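Please read them with the structure open.

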Amino acid sequence: WLAAHWKGFKGPDQLSRIRETGVKMDILKQVGMSATAIPESFTPHRVVKRVYDARRKMIETGEGLDWAMAEALAFGTLLNEGNHVRLSGQDVERGTFSHRHALIHDQNTGERFVPLRNVYGDSRPNEFFTVSNSSLSEFGVLGFELGYSLENPNSLVMWEAQFGDFANSAQIIIDQFISSGEAKWLRQTGVTLLLPHGYDGQGPEHSSCRMERYLQMSDEPPDKIPADMTLDTRTQIQEANWQICNVTTPANYFHLLRRQVHRDFRKPLIVISPKNLLRHPKCVSPLSDFDDEEASQTEQGIRFKRLIMDKSAKSRNKVDPGVEPDAKRVVFCTGKVYYELDAEREAMGAEDDVKIVRIEQLSPFPWDLVDRELRRYPNAEVVWCQEEPMNMGAWSHVSPRFQTLFKEPHINRRLDALRYAGRAPAASTATGYGAVHAEEQVGLVKEALMD
């Protein structure tokens with residue numbers, strides 16, 4: 001039984017074509033200006049005012065859009081199109097890392113103001129965009145949001161953990177309902193989990209969202225490449241139980257969130273969300289990466305990218321990459337370790353020898369795109385680099401899939417051709433000593449890039 005709200009949505013055996021998620025430039029600017037407007041009579045904290053002034057400048061100049069601005073544009077454009085957006089979790093109004101500031105307070109009167117509600121004004125109920133701090137009950141709150149998403153598919157429903165590993169208190173909801181609900185009860189949900197993750201020296205309780213657990217629960221076989229991976233007829237996500245993504249650019253995050261709504265089926269989304277990338281000077285995107293004109297793009301395109309090729313790739317062709325036989329090493333990675341790898345490669349002056357490829361969607365696996373990159377660098381050593389210990393992170397997920405690709409006649413590599421660069425197996429997710437963390441981090445980066 002499905003409520004009337006679900007009319008028109010498709011099941012796994014019905015083709016749902018991939019849609020573009022870019023937005024017209026004039027609408028992006030209109031939404032961006034509305035979402036950064038604060039009434040003159042309102043007195044925000046001086047730091048918050050600087051944040052909103054900086055965001056407004058991003059829209060005016062079209063340059064340097066950061067993670068929070070990309071998220072605000074995703075929310076704002078969905079609201080502008082008539083989609084309800086709701087976000088709950090501990091400290092989500094401000095953001096655990098003081099990056100979001102979706103709800104702000106007047107320093108004189110205590111009045112609360114939500115700038116994103118400017119997008120629709122009086123044309124919608126005030127709570128059409130809802131952002132709400134929740135109590136320390138991950139199990140109860142995520143259970144409520146799951147129920148909300150089951151009843152209202154025409155909305156973006158998100159729950160954010162304060163730190164990614166806080167989701168362990170909601171594991172019953174994740175294991176019993178979100179990961180397997182469609183298989184058990186034929187009930188789809190588009191609920192989205194934002195799980196902050198990253199090794200920054202904050203210790204074992206604030207580093208890992210345990211991405212390996214979610215990857216282990218993915219039902220995609222590691223030894224079978226889908227027969228059809230073409231854009232128009234690909235049903236890979238429809239057939240999977242959920243999506244697990246670890247994105248590295250604000251624009252790709254924007255397209256990822258919009259993709260959750262702009263399709264005629266629903267699927268849970270696990271976002272391995274960043275911490276230090278929220279303010280990383282190189283983790284920015286131009287406004288042109290958010291629009292619907294593919295000709296204006298240098299990298300992003302007009303939809304979510306499951307994989308981002310090396311920035312120096314000679315051909316940007318999406319199917320036939322051409323061959324770069326002189327590359328000596330290609331490093332595959334996911335998440336914020338890319339920026340550390342890229343900085344060290346730049347310091348070494350090794351851009352010609354070492355190529356770095358980012359897998360943005362870990363599950364379902366981007367078989368066709370990894371295949372393309374292996375064909376691009378036929379003579380390069382293949383390395384997988386991760387921050388997490390070897391028994392954690394994505395290593396056990398990607399390793400058998402690379403082996404499956406290595407068996408393909410047009411690739412034809414040894415099954416043990418994928419080299420691991422990362423932390424050794426460990427019981428704890430991370431060390432509690434800052435100096436040890438820094439030494440480990442430098443070591444894994446150098447191990448990935450050097451002989």
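1. In which crossing, left-handed or right-handed, does H10 pass H13? The crossing is right-handed. This, like everything below, is read from a predicted model.

2. Two packed helices are described by the angle between their axes and the distance between the axes. For helix H10 (residues 337–348) and helix H13 (residues 434–449), the angle is about 65° and the axes lie 10 Å apart. On the H10 side the contact is made by Val337, Glu340, Leu341, Glu344, Arg345 and Met348. H13 contributes Gln441, Leu444, Val445, Lys446, Ala448 and Leu449. By class, the residues of this contact are seven nonpolar, one polar and four charged.

3. The second largest pocket holds about 300 Å³ of space. Its lining is made up of 14 residues, and those nearest the centre of the pocket are Glu220, Pro221, Pro226, Gln236 and Glu239. Six residues of the lining are nonpolar, three are polar and five are charged.

4. The peptide bond between Ser363 and Pro364 is cis, with omega at about -5°. Pro364 sits in the loop that runs between strand E12 (361–363) and helix H11 (367–376). Please look at this bond when you go through the backbone.

5. Arg210 is not a glycine, yet its phi is positive, near 65°. The residue belongs to the loop between strand E6 (192–196) and helix H7 (211–216). Arg210 has a relative accessible area of 22%, so it counts as partly exposed; the cut-off for buried is under 20%.

6. Asn412 is another non-glycine residue with a positive phi, here about 50°. Asn412 is placed in the loop between helix H12 (395–406) and strand E14 (418–423). Its relative accessibility is 62%, and Asn412 is therefore classed as exposed, the limit being over 50%.

7. Is Glu93 buried or exposed? Glu93 counts as buried, because its relative accessibility is 9% and the class covers values under 20%. This charged residue is found in the loop between strand E1 (84–89) and strand E2 (104–105). Leaving aside residues up to four places away in sequence, Glu93 touches Arg100, His101, Ala102, Leu103, Arg112, Val131, Ser132 and Asn133. Arg100 and Arg112 are among these contacts.

Definitions and conventions. Residues are numbered from 1 along each chain as its sequence is written. This is a predicted model: local features need pLDDT of at least 70, side-chain atom pairs count only at pLDDT 80 or more; totals for chains, interfaces and linings use all residues. Side-chain values use heavy atoms; hydrogens and water are left out. Axes are lines fitted to C-alpha atoms, for helices over the stretch in contact, and angles run from 0 to 180 degrees between N-to-C directions. Helices (H or I, at least four residues) and strands (E, at least two) are DSSP runs, numbered from the N terminus. A crossing is left-handed if the near helix is turned anticlockwise from the far one by less than a right angle, and right-handed if clockwise. Contact means heavy atoms within 4.5 Å. On a 1 Å grid over the protein atoms alone, a cavity is a set of points where a 1.4 Å probe fits but cannot get out, and a pocket is an open set with protein on both sides within 12 Å along at least five of seven lines; lining residues have an atom within 4 Å of a point. Grid points are joined across faces, edges and corners, and a volume is the space filled by probe spheres set on the points. Buried means under 20% relative accessible area, exposed over 50%, partly exposed in between (1.4 Å probe, protein chains only).
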